[in-house]
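Please consider the structure shown below.

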Amino acid sequence: MSSHSEKPTKAGGLPSLQATFSHVLRSQRTKQNLKNLLRVNQTDGFDCPGCAWGDNKQGAFQFCENGAKAVAWESTGKGVGREFFAQHSVLQLAKQTDYWLEYQGRLTEPMRFNAITDHYEPVTWSEAFSIIATKLNSLSSADQVEFYTSGRASNEASYLYQLFGRLYGTNNFPDCSNMCHEASGIALTKSIGIGKGTVVLDDFDAAEAIFVFGQNPGTNHPRMMNTLRKAAKQGCKIVTFNNLKEVALDKFASPQSPIELLTPAATKISHLYLTPTLGGDMAAARGMAKFIIEQRPDKIDHDFVQQHSAFFDDYQRSVKQTSWDKIEQQSGLTKAEIIQAATVFSDSKTVISCWAMGLTQHKHSVDIIGEVINLHLLCGQIGKKGAGLCPVRGHSNVQGNRTMGINEKPSADFIDRLDNYLATTLPRQAGHNVVEALKALHTKHSKVLICLGGNLAAAAPDSHFTHQAMNNAELNVQISTKLNRSHLQVSHDGLILPCLGRTELDKQQSGIQKITVEDTFSMVHASTGMTEPASEQCLSEIDIVAQMAHTTFNHTRVIQPTATDPAARKLDWLALRDDYALIRNLIENTIAGFSNYNQGVEQPGGFYLDNSAAQRVWKTDNQLAHFNASMLPDSVIADCSSNAQTGHSLTSQSGVPQAILLLQSLRSHDQYNTTIYGMDDRYRGVKGKRNVLFMNQQDAEKLNLAEDQLVDIQSIANDNIVRKVSGFSVIFYDIPRGNIAAYYPETNPLVSINSVGIGSDTPTSKSIPVVITPSTKQVINVAKG
């Protein structure tokens, strides 16, 4: 008997409701969290600390299962303070799982690492800020500091953080976007002049077709499932391109529908569900365009192409030169399947395309996304109601962080506005993204790492390299709500600074504060926590950043004085800390689109940041939308030996041929980003474990592997470094031949730090060439019962 259970026949429904309340009960703050759930995504409530999907503000329940997990995870009765750290050394903690670390509870007081005892010890807030200021002012270059940011930080915290870093003298702003949607922003900016999606939530009600590429919203953006369910019930045709067959994109039962909650009833979501091979989405979209251009030219919006686009002739030539043989081979789909999708696209008057990391974490991700954009330009499916492009962002304010200036390559216009308003001269040269920051830390060129949220140690690729890089930092500062792997990558000096969560009351000198966030649809709205903080020693992220800046700029500085110093000293950082409205005034005066910011966020639902491409205004060099005429790549596999192709063989040291498979890392259903809520993956039938490997049964049998057998996974790269993880249990799954899947961060050690997307530097976590061998560990549960 297999140790995993059968997949459910539908997503959502009663099991979703049961899981929601199970996590609320485990939080040890049941009554408070039930109240919190009624405030999630509500006007005068707080923004969900989970995903960035938009809010419709209708109804008493505006949370999903994973949102409830996020609330319960953050608002817990368990605490981690000096007694805990006295009992556990860093070496001991490093041996624990990521789940165990975060499940210990909320961080309750600032702590400093003692390298002699290998323990964290209490430190006062004033001492912590002095340690940071002294270190920053002792460096020989501002570029020796890496200012990392996660997508949880509010607009106000992100803006203040980038202002601090830039006035200090650097553009080193590695952030979580570098590891997920970087390719989206680059491809969109290149093609349509703005790096954001062009649709709003209401557009989904007007769409005749919705294409979902490389995305599993049932797990990663569950509130999106209600939007898709509503569209499907209205007759919208939903076409899914996803490497794995995910149950939520087949059938979904809304927990808010009594019939679907209590009976086997569910809504059919996908009109057509296609499973391309990993990295094959560009070929699939190219095939759709080829069919339209060659067989249905009347479906091309010639007026749009002529009036609004450039390079169509180059693109059309590229499409016609692409053979159907190559399209089928690289996509893993048949010509007939691709034509089915193309027919839906071209026959629909309004089409929205959505995508997530299934498209963004490949070697050729910029071109893959460019090809989806090409389809929309070809048929004029942009800049009208019910049509457009929708990169579905992950963390709740990852898009807002970029708007606020968390960008290692700031635009000239952005720096100009800051310079003019602050009467200063900020750095303009590009700083470090995540990969560059880790390499700079690894070589010890960079000396200090400051992380505003997140868990870089678990999120970044090439875990051994990443951990060594972080350990090399002379000072590792982590601003966090919970204990995580990043706190343990410390060998010199380190600080853990506990901050407020999204659910918590933020009271400053001027009164209760609200923060703001920007969702996937460019809506900016307010968020106000109402729960008493986990500890009196937890400060808001804004408070922490403001005091870091205040203390740093009022210390003696060894770095050569720069023109930024007067502006940094002139700003009243503590006044900004005391009243967040003052930060919003700064934002209003230095970032386009934020006129009357404080008034705008008082409106129910907030306000919309205008999208130029949605108005068919193209902020490109020639004021036209650009077709991307790239040819299909020769190989979708990144940075490995030239003979490493899926389905080929690699000869091992023992002389035995080993089949090369292509691995993608993904989340479980009990997970959000690197945060692991539990050990189950209900929608894939996995219970109580995470070291699992999803395989096509035919691939497994060809390798003489049985279900539940333990295997080792070793990646292939061209740097002669052995990257291997061991003891993964085989699970037969509906996935194309040659492709396999497993969870991250468990498989992050397999991704080379040098294996990144062209033009994006995003780790290629969805196309890792590997070989599979029986584990050296004892095989369990192989026999069928």
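Helices α9 (182–192), α21 (398–403) and α22 (412–422) each supply at least two residues of the lining of the largest pocket; helices (H or I, at least four residues) and strands (E, at least two) are DSSP runs numbered from the N terminus. The model is a predicted one, in which local features need pLDDT of at least 70, side-chain atom pairs count only at pLDDT 80 or more, and totals for chains, interfaces and linings use all residues. Residues are numbered from 1 along each chain as its sequence is written, and side-chain values use heavy atoms, with hydrogens and water left out.

The space in the largest pocket amounts to about 1300 Å³. Its lining comprises 40 residues, of which I194, G195, K196, R402 and T403 are the closest to the centre. A pocket is here an open set of points on a 1 Å grid over the protein atoms alone, where a 1.4 Å probe fits, with protein on both sides within 12 Å along at least five of seven lines; lining residues have an atom within 4 Å of a point. Grid points are joined across faces, edges and corners, and the volume is the space filled by probe spheres set on the points. By class, 9 lining residues are nonpolar, 19 polar and 12 charged, where Ala, Val, Leu, Ile, Met, Phe, Trp, Tyr, Cys and Pro count as nonpolar, Asp, Glu, Lys and Arg as charged, and the others, Gly among them, as polar.

R402 also takes part in a salt bridge with E182, the closest N and O atoms being 2.8 Å apart. This pair links distant parts of the chain, with E182 in helix α9 and R402 in helix α21, 220 residues apart. A salt bridge requires a side-chain nitrogen of Lys or Arg within 4 Å of a carboxyl oxygen of Asp or Glu, and by this rule the count comes to 35. E182 counts as buried because its relative accessibility is 10%, whereas R402, at 23%, counts as partly exposed; buried means under 20% relative accessible area, exposed over 50%, and partly exposed in between (1.4 Å probe, protein chains only). E182 and R402 belong to a network of salt bridges that also links D175, E408 and K409.

Helix α14 (residues 281–295) is largely enclosed by the rest of the structure, because 13 of its 15 residues are buried.

Rings of Phe, Tyr and Trp (its six-membered ring) pair if their centres lie within 6.5 Å; planes under 30 degrees apart count as stacked, over 60 as edge-to-face and the rest as tilted. A search of the whole structure finds 25 aromatic pairs. F147 and Y168 form an edge-to-face pair, 6.4 Å centre to centre with 70 degrees between the planes. F147 lies in strand β6 (residues 145–149) and Y168 in helix α8 (residues 155–168), so the pair ties together parts 21 residues apart in sequence. Both F147 and Y168 are buried. One aromatic cluster is formed by F147, Y161, F164, Y168, F173, F553 and W573.
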